[in-house]
Amino acid sequence: MTNHAEEFSLDAELEKTVGWDADEFDETDDFESGYAGDDPEEVTAGDMDLAARHELRRVAGLRTELEDITEVEYRQLRLERVVLVGVWTDGTIEDAENSMAELALLAETAGSEVLDAIYQRRQNPDPATYVGRGKVDGLREIVQATGADTVICDGELAPSQLRNLEDRLKVKVVDRTALILDIFAQHAKSKEGKAQVELAQLNYMKQRLRGWGGNLSRQVGGRVAGGAGIGGRGPGETKIETDRRRINDKIAKLRRDLKAMAGTRTTMRQERRRNAVPSVAIAGYTNAGKSSLLNRLTGAGILVDDSLFATLDPTTRRTTASDGRVYTLSDTVGFVRQLPHQLVEAFRSTLEEVADSDLIVHVVDGSHADPEGQIGAVREVLAEIGAAKIPELIVINKADVADPLVIARLRQREPHSVVVSARTGEGITEALAAIEDDLPRPQVEFDALVPYARGDLVDQIHRLGEITSLEHTADGTRIAGRATEALAGELATYAV
Ligand SMILES: Nc1nc2c(ncn2[C@@H]2O[C@H](COP(=O)(O)OP(=O)(O)OP(=O)(O)O)[C@@H](O)[C@H]2O)c(=O)[nH]1
Ligand SMILES: [Mg+2]
């Protein structure tokens, strides 16, 4: 374990400015009474001011009650000036800092300016307030001092945690899941991509509604008991019900639409299967350089962007191996640690593309601080979508800027790998050769004399088969090698 002073360098910083006690872990905080509503603090004029300003600014946060279901559609959180907050439970200080750096990158990708980033070491996130209850005041002072309008927490928070924090911080509080959903919403372009993101957002919203519902059910109890007082009769209850029904209707419709769209995709895949064209999926952590690599491998002209989740719609390119065989290469949506399960669910049909491929080219950013961690995170998602058994080629990218020692370390850990730079083109020839090597081999051996009139068959052998010998004779092309079952069937007529 690292030395104490170092572990809490951030806390020490805070202590200087806002008087946090770096040594106090809050593990003894008492949550028995729950704490929403029993905040002992006085409400100051400044607080009210801020609250008023906050009311005005609160445009389309995920916690806004739904006036209209269309509000959910492709909503952007409008995160502008944010403070990041993390709880660090295990692992090294580097892990904690990498995680915060990634959160910052995600926040910036969503279009916000990161004003401050803090994390706290705890055994577990506080069930009421995520960070320790005693740290919330310090956090509020930071929020006020920086003029932030949003706090982003590095995890998936319970609705009650978000609510408690908002009540005390007086600014919008969102979690990592909402942030990622927001980025996906901003980036989705195709009809299918948009529908997938919307489905994920609605599922996320639905859970938050349940949180509010829990609050309201107490009011209902009061009314049922005959106490239909002013406080117990708010419009909330019926509104929650309506909202929930509308969300459910919308979810059902999106599921139907997506199923229809997935149908088209499946037909396309079956067509490809029938023609026995091998498919290669380029997968990897977000920003690893998947789109750049596909561009390099095929000259495809796909959006490359130094932002996370630039690619949400899979792009597939047909390409030809050096021996003439045809295969497809697909770009895919980037993976991330703790990819919100709503997204994995919603993007299932896109991800099936990966699960259904013959080879996964797993791109890793060799210049990243924790490439092994990224490899692990990607493999977790691959396992979740049933792609764990597909052959995998690791492509260590960004060799032009990566530390050679890190590359050597990765090579040793992942022997089945190649090193490339999609930027400079270094290693691309080797990568192509390695991909071709890993493509599934056609299964059936043949030896045939194909008449010159059947040039089409010879073409097909070039594209789909492997040729071991070829000779032009007076009677036609004598050709031997391996072919797909269907092709070998046709060739049987000319077998020698
Ligand atoms: N230095 C260097 N930068 C690279 C290399 N390959 C890609 N990049 C940069 O890395 C960033 C991300 O590249 P993309 O190809 O968009 O990455 P991606 O994996 O498709 O990302 P998402 O679609 O967002 O998941 C871009 O700024 C690229 O220019 C490389 O070999 N070297
Ligand atoms: Mg991309």
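A: The secondary structure of the protein chain comes to 17 helices and 13 strands, where helices (H or I, at least four residues) and strands (E, at least two) are DSSP runs numbered from the N terminus. This is a predicted model, in which local features need pLDDT of at least 70 and side-chain atom pairs count only at pLDDT 80 or more, while totals for chains, interfaces and linings use all residues. Residues are numbered from 1 along each chain as its sequence is written, and chains are lettered from A and ligands numbered from 1 in the order in which they are written.

Q: What makes Lys-170 count as buried?
A: A residue is buried if 20 or more other C-beta atoms lie within 10 Å of its own, exposed if 12 or fewer, and partly exposed in between, with C-beta atoms placed from the backbone. Lys-170 has 22 such atoms within 10 Å, and therefore counts as buried. Lys-170 lies in the loop between α6 (159–169) and β4 (172–175), and has a positive phi of about 65 degrees although it is not a glycine.

Q: Why is strand β5 called largely enclosed by the rest of the structure?
A: In β5 (residues 279–284), 6 of the 6 residues are buried, so the strand is largely enclosed by the rest of the structure. In a regular strand the side chains alternate between the two faces of the sheet. In β5, Ser-279, Ala-281 and Ala-283 point one way and Val-280, Ile-282 and Gly-284 the other way, and all are buried.

Q: How do you know that β5 pairs with β7 and with β8?
A: Two strands pair if DSSP finds at least two bridges between them. β5 is joined by 4 bridges to β7 (residues 326–331), running parallel, and by 5 bridges to β8 (residues 359–365), also parallel, so both meet the definition of pairing. Ser-279 stands opposite Thr-328 in β7, and Ile-282 stands opposite Val-361 in β8.

Q: What makes β6 and β10 edge strands?
A: The open sheet of 6 strands has the order β6-β7-β5-β8-β9-β10, with mixed pairing. β6 (316–320) and β10 (417–419) are its edge strands, since each pairs on one side only. β10 and β9 (residues 392–397) pair in the parallel sense over 3 bridges, and the bridge partner of Val-395 in β10 is Val-418.

Q: What is meant by a nonpolar core, and which residues of the largest one touch the most other members?
A: A nonpolar core is a set of buried Ala, Val, Leu, Ile, Met, Phe, Trp, Tyr and Cys residues joined through C-beta atoms within 7 Å. The largest such core has 87 residues, of which Val-151 and Val-395 touch the most other members. Its largest share, 7 residues, comes from helix α7 (residues 176–187). A second, separate core of 11 residues includes Ile-461, Leu-464, Ile-479 and Leu-487.
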